[in-house]
Amino acid sequence: MKVFQWIDNIMMKLEEFILSFAIILISIMIVGNVIAREVFNSGAFYFAYEVSKFAIVIATFMGIAYAARKGRHISMSAFYDFAPFKVRKIMMITINFITAIIMFLMAYYSYSFVMFEYNTGAITTSLELPRYLMAVFIPIGFLTAGIQFLRNTYVNFTAKAKDKVYLGIDAVDYNDEEKKDVKLEDLSV
């Protein structure tokens, strides 16, 4: 179990690094392109669009797994929020399991897309890199997201979750957290 925990920690740190790097790269490319174009009247950042697009794909698809890990996905929870504990537990297990299956299917189909891109030999226009390099993060993101959703399903079956519902591996459902009274002095600035 310690080995799996170690691998999980490495994966989480890697996901955090990739996401942070991708967001910073997008910012640098867009700001740099605007400054080069508007201030210096230069096309020095001719590759900014491609690099930004590449970073957006990475951030989007690698972010799916990270959001699943942390229980931070957007959800429509009107019925879920008002359901009793047992119903919420069953709903969370079902939602996570079905989502995992969908993620694995998407990984399979996106892998087919990557292989298509690879076989065509298409390259990007500015940097002249193989287009499949950008697409390779799509199935990786879906695969890791599917694994995270399976883990979220599993954690709701463990003894750790006997009286709680987990949205993510360590994310307890906000309906199960203890209600805290907010005092007026807590709101002052």
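Start by selecting Leu105, which counts as partly exposed at 45% relative accessibility. The scale runs as follows: buried is under 20% relative accessible area, exposed is over 50%, and partly exposed is in between (1.4 Å probe, protein chains only).

The model is predicted, so local features need pLDDT of at least 70, side-chain atom pairs count only at pLDDT 80 or more, and totals for chains, interfaces and linings use all residues. Residues are numbered from 1 along each chain as its sequence is written, and side-chain values use heavy atoms, with hydrogens and water left out.

**Stop 1: Leu105 and Thr60**

Leu105 sits in helix H4. Helices here are DSSP runs (H or I, at least four residues), numbered from the N terminus. Leu105 and Thr60 are 45 residues apart along the chain, and their C-alpha atoms are separated by 18 Å.

**Stop 2**

Two packed helices are described by the angle between their axes and the distance between the axes. Axes are lines fitted to C-alpha atoms, for helices over the stretch in contact, and angles run from 0 to 180 degrees between N-to-C directions. Angles over 145 degrees count as roughly antiparallel, under 35 as roughly parallel, 65 to 115 as roughly perpendicular, and the rest as oblique.

Show H4 (residues 85-120) and H6 (residues 137-155). Their axes lie 8 Å apart, and the helices pack at about 165 degrees. H4 is therefore roughly antiparallel to H6. H4 passes H6 in a left-handed crossing.

Show the side chains next. On H4, the contact includes Ile93, Phe97, Met103, Phe104 and Tyr111. On H6, Ile138, Pro139, Phe142, Leu143 and Phe149 are among the contact residues. Colour the H4–H6 contact residues by type: 17 are nonpolar, 6 are polar and none is charged.

Contact means heavy atoms within 4.5 Å. A crossing is left-handed if the near helix is turned anticlockwise from the far one by less than a right angle, and right-handed if clockwise. Ala, Val, Leu, Ile, Met, Phe, Trp, Tyr, Cys and Pro count as nonpolar, Asp, Glu, Lys and Arg as charged, and the others, Gly among them, as polar.

**Stop 3: H1 against H2**

Show H1 and H2. The H1 and H2 axes come within 8 Å and cross at roughly 150 degrees. H1 and H2 are therefore roughly antiparallel to each other. The crossing of H1 and H2 is left-handed. Where H1 touches H2, the contact residues divide into 19 nonpolar, 3 polar and 5 charged.

**Stop 4**

Side chains of opposite charge can pair when their charged atoms come close. A salt bridge is a side-chain nitrogen of Lys or Arg within 4 Å of a carboxyl oxygen of Asp or Glu. The count by this rule is 6 salt bridges.

Which residue forms a salt bridge with Asp8? Select Arg69: the closest N and O atoms of Arg69 and Asp8 are 2.6 Å apart. Arg69 lies in helix H2 (residues 48-70) and Asp8 in helix H1 (residues 2-39), so the pair ties together parts that are 61 residues apart in sequence. Arg69 is buried, with a relative accessible area of 5%. Asp8 is buried too, at 17%.

The Arg69 and Glu15 side chains meet in a salt bridge of 3.2 Å, N to O. Arg69 is in H2 and Glu15 in H1, so this pair ties together parts that are 54 residues apart in sequence. Both Arg69 and Glu15 are buried.

**Stop 5: Glu117 and Arg131**

Jump to Glu117. Glu117 forms a salt bridge with Arg131, with the closest N and O atoms 3.0 Å apart. Glu117 lies in H4 and Arg131 in the loop between H4 and helix H5 (132-135), so the pair ties together parts 14 residues apart in sequence. Glu117 counts as buried at 6% relative accessibility. Arg131 is partly exposed, with a relative accessible area of 39%. Elsewhere, salt bridges that share partners join Asp8, Glu15, Arg69 and Arg151 into one network.

**Stop 6: Thr144**

Select Thr144 in helix H6. Is Thr144 buried or exposed? Thr144 is buried, with a relative accessible area of 14%. Leaving aside neighbours within four places in sequence, Thr144 is in contact with Met11 and Ala65.

**Stop 7: two loop residues**

Find Asn41 in the loop between H1 and H2. Its phi is near 50 degrees, a positive value in a residue other than glycine. Asn41 counts as exposed at 71% relative accessibility.

Finish at Glu128, in the loop between H4 and H5. Glu128 has a phi near 55 degrees, a positive value in a residue other than glycine. Glu128 is exposed, with a relative accessible area of 54%.
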